[in-house]
Amino acid sequence: MKSFKSGLIILGSVGLLFLGACSNDNKAANTENSPAASTSSAQTPSASASPVTKTDSQHGKSHGGQVVETGSYHLEFVPEKEASATHMDLYVLKGDNHQTVADAKVTAQVQLPDGKEKTVPLTYDASDKHYTAVLSEKATGQYQVKITADVKGEKANGRFNFNR
């Protein structure tokens, strides 16, 4: 009976060791002063894989922003603080070769530091090949941004944040 109990204890301990070794040690990045993206839970309806958060683009030139890969889309969000507003740029790219998507309907749902929400449409700038908008709020604090890009009925979502 003692050997049976000892065997169960040893088996349980080994099982816990394997679970600890296989656990995911990825932690959300602190984005207060870094360009790294926050974790995202966005998915496209046609893709069941969850997006991957990256800080360095290995498929092309990075614009220094927060990157979320979701399905076949690559979203890069670049907020630039100005004296009286925040300029928001979004690069929407598709496929392994990251071709620019110029015909998407893009909106940003922005949660302000005071908890209020604001919807901001982004328009395509053909000369710079990205979507852009200006957020006129000047409140100090963390802004949460949910981007929704609709490309011919296919959705690509990403969550980002920035401090002002």
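Trainee: In this predicted model, which residues do ring pairs link into a cluster?

Mentor: The cluster consists of Phe77, Tyr143, Phe160 and Phe162, which are linked by ring pairs. A search of the whole structure finds four aromatic pairs.

Trainee: What makes the pair of Phe77 and Phe160 stacked?

Mentor: Their ring centres lie 5.2 Å apart, and the cut-off for a pair is within 6.5 Å. Their planes stand at 25°, and since planes under 30 degrees apart count as stacked, the pair is called stacked. The pair also links distant parts of the chain, for Phe77 belongs to strand 3 (residues 73-81) and Phe160 to strand 10 (residues 154-163), 83 residues apart.

Trainee: Are Phe77 and Phe160 buried or exposed?

Mentor: Phe77 is buried, and Phe160 is buried as well, a word that stands for under 20% relative accessible area.

Trainee: Why is strand 4 (residues 86-94) described as largely enclosed by the rest of the structure?

Mentor: Eight of its nine residues are buried, and therefore strand 4 is said to be largely enclosed by the rest of the structure.

Trainee: How do you know that strand 3 and strand 4 are paired, and in which direction do they run?

Mentor: Pairing requires at least two bridges between the strands, and nine bridges join strand 3 to strand 4, so the two count as paired, and they run antiparallel. As one example, Leu75 has Val92 in strand 4 as its bridge partner. A hairpin joins strand 3 to strand 4 through four residues.

Trainee: How many bridges join strand 4 to strand 8 (residues 130-135), and how many join strand 4 to strand 5 (residues 99-100)?

Mentor: Five bridges join strand 4 to strand 8, the two running antiparallel, and Thr86 has Leu135 in strand 8 as its bridge partner. Strand 4 and strand 5 are joined by two bridges, again in an antiparallel arrangement; with at least two needed, this link also counts as a pair. Here the bridge partner of Leu93 is Thr100 in strand 5. The hairpin of strand 4 and strand 5 has four residues between the strands, and Gly95 takes a positive phi near 85° in this hairpin.

Trainee: Why does Leu11 count as exposed?

Mentor: Exposed means over 50% relative accessible area, and Leu11, at 60% relative accessibility, therefore counts as exposed. Leu11 is found in helix 1 (residues 2-22), and together with Met1, Phe4 and Leu8, Leu11 makes a nonpolar surface patch of about 510 Å².

Technical notes: Residues are numbered from 1 along each chain as its sequence is written. This is a predicted model: local features need pLDDT of at least 70, side-chain atom pairs count only at pLDDT 80 or more; totals for chains, interfaces and linings use all residues. Side-chain values use heavy atoms; hydrogens and water are left out. Rings of Phe, Tyr and Trp (its six-membered ring) pair if their centres lie within 6.5 Å; planes under 30 degrees apart count as stacked, over 60 as edge-to-face and the rest as tilted. Buried means under 20% relative accessible area, exposed over 50%, partly exposed in between (1.4 Å probe, protein chains only). Patches are made of residues with over 30% relative accessible area and no salt bridge: like charges are joined within 9 Å, nonpolar side chains (Val, Leu, Ile, Met, Phe, Trp, Tyr) within 5 Å. Accessible areas come from the Shrake-Rupley method with a 1.4 Å probe; for residues, only the protein chains shown count as cover. A salt bridge is a side-chain nitrogen of Lys or Arg within 4 Å of a carboxyl oxygen of Asp or Glu.
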